[in-house]
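Biologist: Please walk me through this one in plain terms. Start with any word I need.

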Amino acid sequence: MRIGLYPGTFDPVTLGHVDIIERATALVDRLVIGVAINRDKGPLFALEERVAMVEEECEALRARGAEIVVYPFENLLIDCASDVGAGIIIRGLRAVADFEYEFQMVGMNRVLNHDIETVFLMADAQRQAIASKLVKEIARLGGDVSKFVPARVNAALRARFG
């Protein structure tokens, strides 16, 4: 069984994330979505809320037969991949700046565990500008983020920011 790990903070999950999740399910038999517990980033949504958001967005894919597991983690990414039996780490790329950071991560991860490969999926052209950080800023300032996030996430952001 080919198991892939798609890690992220998902604070909140965006349409860009959903696109990568959907496309990743075509590459692996089981996709584990690793929801990172990253206290340094000061997430807007609690871990439980982020996990629930990701779970909700995976319902339709599961109904079409995709095997998806949502898995919170706090350890090293490469250790998380080993913990869930993943042979592939899936990462989404939006821009050159993403590549530079990811290039360094791949190098470090290969030293830590050379048996786990990293696969990059380019963001869909319509989703390349979407970043959770920007979505939160727009929502905080009262802007409309409905074009960037799923409807349930949009409602959660509106409720959070009033």
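Modeller: Two strands count as paired if DSSP finds at least two bridges between them. Strands (E, at least two residues) and helices (H or I, at least four residues) are DSSP runs, numbered from the N terminus. This is a predicted model, where local features need pLDDT of at least 70 and side-chain atom pairs count only at pLDDT 80 or more, while totals for chains, interfaces and linings use all residues. Residues are numbered from 1 along each chain as its sequence is written, and side-chain values use heavy atoms, leaving out hydrogens and water.

Biologist: Which residue in β4 is the bridge partner of G4?

Modeller: The partner of G4 is I88. Strands β1 and β4 (residues 88-93) run parallel and are joined by two bridges.

Biologist: And how many bridges join β1 to β2?

Modeller: Six, and β1 and β2 (residues 30-36) also run parallel.

Biologist: Is β1 buried or exposed?

Modeller: Buried means under 20% relative accessible area, exposed over 50%, and partly exposed in between (1.4 Å probe, protein chains only). Six of the six residues of β1 (residues 3-8) are buried, so this strand is largely enclosed by the rest of the structure. I3, L5 and P7 point one way, while G4, Y6 and G8 point the other way.

Biologist: Back to I33. What is I33 in contact with?

Modeller: Contact means heavy atoms within 4.5 Å. Leaving aside neighbours within four places in sequence, I33 touches residues including Y6, F10, I21 and V54.

Biologist: Which residues touch the most other members of the largest nonpolar core?

Modeller: A nonpolar core is a set of buried Ala, Val, Leu, Ile, Met, Phe, Trp, Tyr and Cys residues joined through side-chain atoms within 4.5 Å. Of the 31 residues in the largest one, I21, L31, I33, V54, I90 and L157 touch the most other members. The largest share, six residues, comes from α2. There is also a second, separate core of 13 residues, including V32 and C80.

Biologist: Change of topic: which residues of α6 are buried?

Modeller: In α6 (residues 151-161), V153, N154 and L157 are buried. They cover an arc of only 105 degrees around the axis (taken from the directions from the helix axis to the C-beta atoms), which puts them on the same side of α6.

Biologist: What do the buried residues of α6 pack against?

Modeller: They pack against α2 (47-63) and α5 (132-140). The face turned away from the buried side carries the exposed residues A151, R158 and A159.
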